[in-house]
Each structure stands twice: as C-alpha cells, then as structure tokens.
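Me: Can you walk me through this model? I'd like to go through a few local features.

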Amino acid sequence: MSQRLPTYFISHGGGPWPWMPEMAPAMQALAESLADIPQQLGQTPKAVLMVTAHWEGRAFTLGSNPAPGMVYDYGGFPPHTYEIVYPAPGAPALVERVQGLLEAAGLPVAQDGQRGYDHGTFVPLAVMFPDADVPVLQMSLRAGLDPAEHLALGRALAPLRDEGVLIVGSGLSYHNLRAFGRVGQAPSAAFDAWLQAAMAAAPAARTQALLNWEQAPAARLCHPREEHLLPLMVAVGAAEADTAVCVYHEEAIFGGVTASSFRFGQAGAEG
C-alpha cells in the first residue's frame, strides 16, 4: 500500500529571513515548524508541488524549467540576499501529470519555462529541505483569486497525494504590509480565532467557511488582497475530507501579529 501524504498550508514569513541571522530569534518558532514537516511525513516525497502566493497567472501556471533560476521578489534587504541560490531541480514529468489532471477537471492551465523560484517557494523549502534534493514544481494562483476555483484546483490535485507528491500552499494567514506590529495585533488575533474554528469544523462546514472568508472578523484588515490566503484553499481542496491540525501558531511574529499554519490529513496515512 502506498502512503498518502498530507497537504499543508504554511505561513512563509517575511522576505529572505533564513539568510538573515538578525531575524533568527523572531523567526525561531516558524523555522522549527517548517523544519519539522519532513519528520511529520516520515518519508521523503518524490516531489513538492508548491502553490505560491507570489505568482499569479491568467491560467494556473506550472513552472516547467528543469533547472529553475531565482526570483528575488522582495526589496530593501541586504545585498547578499539577492545572491541566494536554492538549486532544487524542477519536475518536468510532474508538470505533464498536473497539466493532465487540470485539463480533466476543466481548469485552465499553462506552462512557463522561464520563471524561477520566488521567495514564497525557496524560503520555506530552504528550511524544510535544506539539501535542495527534492524536485519542486512551482505553481501559480489564478488571477481573479476566486476561492471556489482554488478549492477546485486542490480537488484536481488530490490524486498526487497517493503518488508521493507533497502539496504545499505557501502564503501567510495574515498579510497586510501596512499593518504589521501593534496595529495588526487585534485584527490578526480575531481573524486567526475564526480561522482556527473554521479549520476545526466538519469538512463541509470548513469548505463553506472558506468560500465565505470575507465574512470573517477583520477579514479585509488582515487580507486587503487575498493572494496570501488563497494557497489555503488549494491545500484544503486537496484534502477536503481530512482533519486539520495546526502545526504552527504564534502571537508575536512581525511585532505582535498572530499567524498559523495547518496540516490536512495524517502523516503516513495509508491510501
């Protein structure tokens, strides 16, 4: 029997933090949670499919370069952070498999052979798999950011869980660049409390809550634009009947913000 992998929604932190020692104390809890994911799996995945908040396309777009470069999609950081290389290979065979799954589900799909790994991908993966020895397929969100469409994307990707592919949605459970620090404390706590309750609900209620996420307390204060929340929809859609477990939670990141990450499904569950 194969082992069905869980899916994850991870809060990936801010900028190139693993390469900035001065940020290490503030990011310790996040770093520990990401580093623990391979231990939770109990196996090395054949590949990681990373749906990143930092890439949007007219269709769901697959990075098809067998040796992706780097996209330094952040600003104002030290010069050495623009020389980072995360040399994990691409996953061309997986590209074709995913394209077939999306076409069968009636979802728009495209390929991009030029785009490299953005920081929504290489930052968390450098902590999760520091040897860069697991192939990676980076995937975009779709412009329009429709929750139902991203849940449908997750459903289409679900068979990959039985094929050794780790599906990860990389975003942030709170993402308002103008309201970090103390100003973000109350809204992030309110939204996170809703999120925890929604993730603990029965599957149908959880899905409905995500479809109506804008009704959550402080929803638009926490996500003025929802690109960092949409990867959660993909992770849930790919494990829609499975239980959620909060694998990272803290109330003091970014100077007082509450943030969380979740696993969907049991690590090592037989499929």
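This is a predicted model: local features need pLDDT of at least 70, side-chain atom pairs count only at pLDDT 80 or more; totals for chains, interfaces and linings use all residues.

Me: How many residues of strand β7 are buried?
Reply: Seven of the seven, residues 165-171, so β7 is largely enclosed by the rest of the structure. Buried means under 20% relative accessible area, exposed over 50%, and partly exposed in between, using a 1.4 Å probe and protein chains only. Strands here are DSSP runs of E with at least two residues, helices are runs of H or I with at least four, and both are numbered from the N terminus.

Me: Which residues sit on which side of β7?
Reply: Val 165, Ile 167, Gly 169 and Gly 171 are on one side, and Leu 166, Val 168 and Ser 170 are on the other. In a regular strand the side chains alternate between the two faces of the sheet.

Me: What does β3 do with β7, and over how many bridges?
Reply: Strand β3 (residues 47-57) pairs with β7 in the parallel sense over six bridges. Two strands pair if DSSP finds at least two bridges between them. Val 51 stands opposite Gly 169 in β7.

Me: And how many bridges for β2?
Reply: Five bridges join β2 (residues 7-11) to β7, and the two run parallel. Phe 9 stands opposite Gly 169 in β7.

Me: Switching to helices. At what angle do α5 and α6 pack?
Reply: About 145 degrees, with the axes of α5 (residues 185-200) and α6 (residues 203-211) 7 Å apart. Axes are lines fitted to C-alpha atoms, for helices over the stretch in contact, and angles run from 0 to 180 degrees between N-to-C directions.

Me: Which residues meet there?
Reply: Trp 194, Ala 198 and Met 199 in α5 meet Arg 206, Ala 209 and Leu 210 in α6. Contact means heavy atoms within 4.5 Å. The residues of this contact divide into five nonpolar, no polar and one charged. Ala, Val, Leu, Ile, Met, Phe, Trp, Tyr, Cys and Pro count as nonpolar, Asp, Glu, Lys and Arg as charged, and the others, Gly among them, as polar.

Me: Is Leu 210 buried or exposed?
Reply: Leu 210 is buried, with a relative accessible area of 1%. Leaving aside neighbours within four places in sequence, Leu 210 is in contact with Pro 147, Leu 151, Met 199, Leu 232, Met 233 and Val 236.

Me: What about Gln 40, buried or exposed?
Reply: Gln 40 is buried at 16% relative accessible area, and lies in helix α1 (residues 28-41).

Definitions and conventions
Residues are numbered from 1 along each chain as its sequence is written. Side-chain values use heavy atoms; hydrogens and water are left out.
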